[in-house]
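Subject: Structure handover

Hello,

Here is the structure I promised to pass on. Please open it first, then read my notes below.

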Amino acid sequence: MLHNKRILLIVAGGIAAVKVPDLIRRLRERGASVRCILTKGGAQFVTPLSLAALSGQHVYQDLFSLTDESEMGHIRLSREADIILVAPATADMIAKMSHGIADDLATTALLATDKPVMIAPSMNVMMWTHPAVQVNLETLKARGVSVFGPGAGDLACGEVGDGRMAEVMDLVSALGRHFQKQRGDGALARFRIVVTSGPTIEPIDPVRYIANRSSGKQGHAIAAALADMGAQVTLVSGPTQEADPDGITVVKVETAAQMLKAVRAALPCDIAVCAAAVADWHVADVSKIKLKKSTAPPRINLAPNPDILATLAQPGKQRPSLVIGFAAETSDVIEKAKIKRAEKNCDWIVANDVSPGSGTFGSENNTVHVITAEGVQNWPTMTKREVAEKLADLVATFAAKKL
Ligand code: CTP
């Protein structure tokens, strides 16, 4: 979606500007060209040299620079782009944009442009919730500016709350979706896809439960990558720390039984990806009251949970045309995954090593083997986001040929 797209990136003066080099790298990896305008404030956090080195282009800073103006006037700068992204967008930049102030190169280019504008706000939580900022944002939104983020979390100022600039890869996805929408399609635009993600948890009593180490990172990334290709995605997720991906229907559940119910409610679909680490058992006799430690240690009776993947993959009218499972193994990964693929009747299985030494659970990286009827693809170690994008590409290729 980003191939050959020209992005004018305006970097304002916030600590999140330190994420910009990575943003440029990710955009260029996807074939976009990035030209930067660096404000005076932005230059306090990143150097023009680093932005120039990463973007491979001159970095523009000064409205009244004779050399810059003769090489590339500010009007041309604002027009020779497919989109302008302001990241980070500070409270000051948002205020100037909302009031039409043009007192430097960045704000002048923003006023002179006829191109879509997206902003990624970043500031302290109190500043973010201040009515002045919110009113300015409403003004910008009413004028068609897309506002992406901010997210919640630890802020550089030491406070916690809304105000963190959107993560780099989420910004990349948002730009991709923008161009996809503009094109009116995507490789998976016709398809309904259900993705399961995260752990399930099984209660023991009102305060205790059995859980597992799944973070939901891989499943959520897959849902986002499929949506980026235009699919209509329903993500059924157990409890995770992951943010809900943009543009996706998210159904939050806790137990395996709830997950199966939610998956069934999302049918019919064309494709299903079961990335959740579903608990294999639930507690047969969940105590309605909190178990007390004064009594003897309780005996916990477990009963089997439904297998969501196997249920989905059963032959029948509602079977999705492509059912993809995961196999979390700690030894003989490929052999065990092949057996799982056959036993559960799924079309593809993505096998990964989750043994303690592999560092898969909770980490950003994954090393997977994709097993299909045609054979085994061994993918090198990459980020979970990259695994998701590669898997989404494979799904799109399959869909184009077979669905
Ligand atoms: N799965 C499922 N429902 C379950 C158990 C697993 O849908 N009750 C799915 C997972 O989402 C994954 C695949 O089955 O796509 C394999 O899960 P995994 O945990 O690797 O294997 P299990 O089937 O649980 O078998 P085991 O624990 O014995 O390895």
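The chain is divided into domain 1 (6-181) and domain 2 (187-402); these bounds come from an automatic or database domain assignment. The centres of the two domains, taken over C-alpha atoms, are 36 Å apart. Eight residues of domain 1 are in contact with eight residues of domain 2, where contact means heavy atoms within 4.5 Å.

This is a predicted model, in which local features need pLDDT of at least 70, side-chain atom pairs count only at pLDDT 80 or more, and totals for chains, interfaces and linings use all residues. Residues are numbered from 1 along each chain as its sequence is written, and side-chain values use heavy atoms, with hydrogens and water left out.

Helices (H or I, at least four residues) and strands (E, at least two) are DSSP runs, numbered from the N terminus. Two strands pair if DSSP finds at least two bridges between them. Strand S4 (residues 117-121) runs parallel to S5, joined by two bridges. Met-118 has Ser-146 in S5 as its bridge partner.

Helix H5 and its two partners

Helix H5 (residues 91-99) packs against helix H6 (residues 105-112) at an angle of about 40°, with axes 10 Å apart. H5 and H6 are therefore oblique to each other. The classes are: under 35 degrees roughly parallel, over 145 roughly antiparallel, 65 to 115 roughly perpendicular, and the rest oblique. Met-93, Lys-96 and Met-97 of H5 meet Ala-106, Thr-107 and Leu-110 of H6. These contact residues are four nonpolar, one polar and one charged. Here Ala, Val, Leu, Ile, Met, Phe, Trp, Tyr, Cys and Pro count as nonpolar, Asp, Glu, Lys and Arg as charged, and the others, Gly among them, as polar.

H5 also crosses helix H8 (residues 131-142), at roughly 50°, with the axes coming within 9 Å. That makes H5 oblique to H8. On the H5 side, the contact includes Ala-91, Ile-94 and His-99. On the H8 side, Val-133 and Leu-140 are among the residues met. This contact divides into seven nonpolar, four polar and no charged residues.

The eight-stranded sheet

A second open sheet has eight strands, ordered S12-S11-S8-S13-S16-S17-S19-S20, with mixed pairing. Its edge strands are strand S12 (249-252) and strand S20 (375-378), each pairing on one side only. The twist averages 15° from one strand to the next. Strand S19 (residues 368-372) pairs with S20 in the antiparallel sense over four bridges. A hairpin of two residues joins S19 to S20. In S20, Asn-378 is the bridge partner of His-369, and Gln-377 is that of Val-370. Helix H13 (residues 333-344) lies across strand S16 (322-329), strand S17 (348-353), S19 and S20, at about 150° to S17. Helix H14 (residues 384-402) packs on the sheet too, touching strand S13 (271-274), S16, S17, S19 and S20. The direction of H14 makes about 165° with that of S17.

Best wishes

Conventions
Axes fitted to C-alpha atoms, helices over the stretch in contact; angles between N-to-C directions.
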